[in-house]
Amino acid sequence: MSWSVVTGKNEVLNGLEYHQCSETIIAVTDYILALGKRQDMEENDYDIDKCELFYVPKGTVVELYATTLHYTPITVKDSFKTICLLLRGTGDSCQRRGILKKKNKWFIAHKDNVEKVQAGDYPGLKGKMIRIKYLKEEENGNPDKVFMGWFYQCCPM
């Protein structure tokens, strides 16, 4: 077993991955997780409309089975931070074959994820990319009254 701290800012679902083992994720901050079922893949393609979005509050522990498609958490506010546990060696380099990107890591990118596609990742995530953006508006100029929420949109990038 190995663990890593994953942090960052992300507002799009631009790829999906899966492993041949469960992955355990501990939420250090709130985040949104987009999930799909591996059995819904057709060959190496997946329809993004089949993904379900889940709000994961700080302190929650999530187990993703080997049949779960997932990728980088989506930021709720400012940034996200998680602790991920996987089998030792997952993510180590190996010879690429099909959508096998690294040891125990199968990955498909969205065609609009140019960086990943140009790096050789298969553009198998089909449909409009999902963007989730945290909104914050001050009411009547009073910084003590803040509207907070999320804006969900399917958008071409």
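Asp112 counts as partly exposed, at 25% relative accessibility. Partly exposed lies between buried (under 20% relative accessible area) and exposed (over 50%), with a 1.4 Å probe and protein chains only. This is a predicted model: local features need pLDDT of at least 70, side-chain atom pairs count only at pLDDT 80 or more, and totals for chains, interfaces and linings use all residues. Residues are numbered from 1 along each chain as its sequence is written, and side-chain values use heavy atoms, with hydrogens and water left out.

**Salt bridges**

- Side chains of opposite charge can pair when their charged atoms come close.
- A salt bridge here is a side-chain nitrogen of Lys or Arg within 4 Å of a carboxyl oxygen of Asp or Glu. The count comes to 5 salt bridges.
- Asp112 meets Lys111 in one of these, at 3.4 Å from N to O. Lys111 is exposed, with a relative accessible area of 55%.
- Arg131 forms a salt bridge with Glu11, and their closest N and O atoms are 2.1 Å apart. This pair links distant parts of the chain: Arg131 sits in strand 15 (residues 129–139), Glu11 in the loop between strand 1 (2–8) and strand 2 (12–13), 120 residues apart.
- Strands (E, at least two residues) are DSSP runs, numbered from the N terminus.
- Arg131 is buried, with a relative accessible area of 18%. Glu11 is partly exposed, at 26%.
- Glu17 forms a salt bridge with Lys105, with the closest N and O atoms 3.1 Å apart. Glu17 lies in strand 3 and Lys105 in strand 13, so the pair ties together parts that are 88 residues apart in sequence. Both Glu17 and Lys105 are buried.

**Aromatic pairs**

- A pair of aromatic rings is described by the distance of the centres and the angle of the planes.
- Rings of Phe, Tyr and Trp (its six-membered ring) pair if their centres lie within 6.5 Å; planes under 30 degrees apart count as stacked, over 60 as edge-to-face and the rest as tilted.
- The count comes to 2 aromatic pairs. Tyr18 and Trp106 form a stacked one, with 5.4 Å centre to centre and 5° between the planes.
- Tyr18 lies in strand 3 (residues 15–18) and Trp106 in strand 13 (residues 105–109), so this pair ties together parts that are 88 residues apart in sequence. Tyr18 and Trp106 are both buried.
- The ring centres of Tyr71 and Phe107 are 5.0 Å apart and the planes stand at 50°, so this pair is tilted. Tyr71 belongs to the loop between strand 9 (68–69) and strand 10 (74–75), and Phe107 to strand 13; the two are 36 residues apart. Tyr71 and Phe107 are both buried.

**A patch of negative charge**

- Glu42, Glu43, Asp47 and Asp49 gather in a patch of negative charge on the surface.
- Patches are made of residues with over 30% relative accessible area and no salt bridge: like charges are joined within 9 Å, nonpolar side chains (Val, Leu, Ile, Met, Phe, Trp, Tyr) within 5 Å.
- Asp and Glu count as negative, Lys and Arg as positive; His and the chain ends are not counted.
- Asp47 lies in strand 6 (residues 46–47). Asp47 is partly exposed, with a relative accessible area of 33%.

**Positive phi angles**

- Most residues other than glycine have a negative phi, and most peptide bonds are trans.
- Asp78 is not a glycine, yet its phi is positive, near 65°. Asp78 is found in the loop between strand 10 and strand 11. At 58% relative accessibility, Asp78 counts as exposed.
- Asn104 also has a positive phi, of about 60°, although it is not a glycine. Asn104 lies in the loop between strand 12 (100–102) and strand 13. Asn104 is buried, with a relative accessible area of 16%.

**Contacts across the sequence**

- Thr75 and Lys9 are 66 residues apart along the chain, and their C-alpha atoms are separated by 5.7 Å. Thr75 is found in strand 10. At 10% relative accessibility, Thr75 counts as buried.
- Lys81 and Val5 are 76 residues apart along the chain, with 7.1 Å between their C-alpha atoms. Lys81 lies in strand 11 (residues 80–86). Lys81 is partly exposed, with a relative accessible area of 36%.

Key
Areas by Shrake-Rupley, 256 points an atom, 1.4 Å probe, with all protein chains shown as cover. Charge placed at Lys NZ, Arg CZ, Asp CG, Glu CD. Helix = DSSP H or I, 4+ residues; strand = E, 2+ residues; numbered from the N terminus.
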